[in-house]
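Please look over the chain shown here before reading the briefing. The points that follow are grouped by topic.

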Amino acid sequence: MEKKYALVTGGSRGIGRAIALKLGSMGYHILVNYVSNEIEADQTVQFIVDNGGDAEKIRFNVANQVEVETVLGAWLISNKTEYIEVIINNAGIKKDNLLMWMTNEEWRSVLDTSLEGFFNVTRFLLKGMLVKRYGRIVNVVSLSGVKGMSGQTNYSAAKAGVIGATKALAQEVAKRKITVNAVAPGFIHTDMTSDIEAEQYKKIIPMERFGQPEEVAAAVAFLVSREASYITGEVIHINGGLYT
Ligand code: NAP
């Protein structure tokens, strides 16, 4: 059977790892991207393999265009007959601060990772999808990018930017059977939220709990599936009723 490839940026930990595992169980060969945490990336690959799937790690900083194009370019050269059918733009960071006190670095690095990262990876791989006339792109955004979150002007702007790009790109590539959608998690248990006082925030979430990475991965898996072929330019909210 023909191998199908899916790239998960930030697949070493958290939501990205859960997505990598889920798509691995659907038969995709997973490219597990990471930037610094090789041990965790190896672990994600191992989990997929232990589960009967197929995966490899691939290190690049999504914010660095030269690095993205060099590493993915090299992969495409050594896999000449293949193309990456699924892109999950998941890599992201947060550096919260009130705008009044926000440093240039806090603003830039958060936008560079989510918004530039989306651009760098997607533009480079889109050609393959256009040629093959099939593809699935899912962007992991956030409730912050939909409603805005105090202390997160950088993060909210980055995620709102990706939502706009999702809707625009969806219209550009629809006739080539490429869908572009986003998932917008609320509070999910990962390293990113480990500094948040869960008990305090649970009170404002109708389901009175944080979500699990697997609950985000399930929605991503649906958007990637053939069954979701008529859904594009959408944002699926996964937040326990916090925002509807
Ligand atoms: P996490 O546990 O902190 O994991 C972040 C992942 O992104 C890691 O795999 C990390 O790689 C990777 N990464 C960070 N910067 C990167 C870069 N420049 N290039 C390549 N990879 C990079 O975060 P998470 O909670 O799973 O978040 C995943 C996505 O969901 C993010 O986009 C985040 O904004 C979004 N999100 C999360 C929540 C939540 O409550 N957790 C809510 C809404 C949206 P290394 O392991 O190498 O560091």
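**Strand pairing around β4**

Strand β4 pairs with strand β5 (residues 135–140) in the parallel sense, over four bridges. Strands count as paired if DSSP finds at least two bridges between them, and strands (E, at least two residues) and helices (H or I, at least four residues) are DSSP runs, numbered from the N terminus. This is a predicted model, in which local features need pLDDT of at least 70 and side-chain atom pairs count only at pLDDT 80 or more, while totals for chains, interfaces and linings use all residues. Residues are numbered from 1 along each chain as its sequence is written, and side-chain values use heavy atoms, with hydrogens and water left out.

**The sheet**

- Seven strands form an open sheet with parallel pairing, in the order β3-β2-β1-β4-β5-β6-β7.
- At the edges are β3 (54–59) and β7 (235–238), each of which pairs on one side only.
- On average, neighbouring strands of this sheet are turned by 20° against each other, direction ignored; axes are lines fitted to C-alpha atoms, for helices over the stretch in contact, and angles run from 0 to 180 degrees between N-to-C directions.
- β1 and β4 run parallel and are joined by four bridges, with tyrosine 5 opposite isoleucine 84 in β4.
- Isoleucine 87 stands opposite isoleucine 137 in β5.
- Six bridges link β5 and β6 in the parallel sense, and arginine 136 has threonine 179 in β6 as its bridge partner.

**Helices and the sheet**

- β4, α4 and β5 make a right-handed β-α-β unit: with the strands pointing away from the viewer, the path from the first strand over the helix to the second runs clockwise.
- Helix α8 (residues 213–224) lies across β4, β5, β6 and β7 and runs at about 165° to β6.

**Buried residues and cores**

- Six of the six residues of β4 are buried, meaning under 20% relative accessible area with a 1.4 Å probe, protein chains only.
- The largest nonpolar core has 31 residues, of which Leu7, Phe60, Leu72, Ile84, Val121 and Ile137 touch the most other members; such a core is a set of buried Ala, Val, Leu, Ile, Met, Phe, Trp, Tyr and Cys residues joined through side-chain atoms within 4.5 Å.
- At least two residues of this core come from each of β1 (5–8), α3 (65–78), β4 (84–89), α4 (104–132), α6 (153–173) and β6 (178–185).
- Apart from this core lies another, of 29 residues, including Val8, Tyr34, Val86 and Val224.
- Beyond its neighbours within four places in sequence, isoleucine 137 is in contact with residues including Ile87, Leu126, Leu169 and Val180, where contact means heavy atoms within 4.5 Å.

Methods. Buried means under 20% relative accessible area, exposed over 50%, partly exposed in between (1.4 Å probe, protein chains only).
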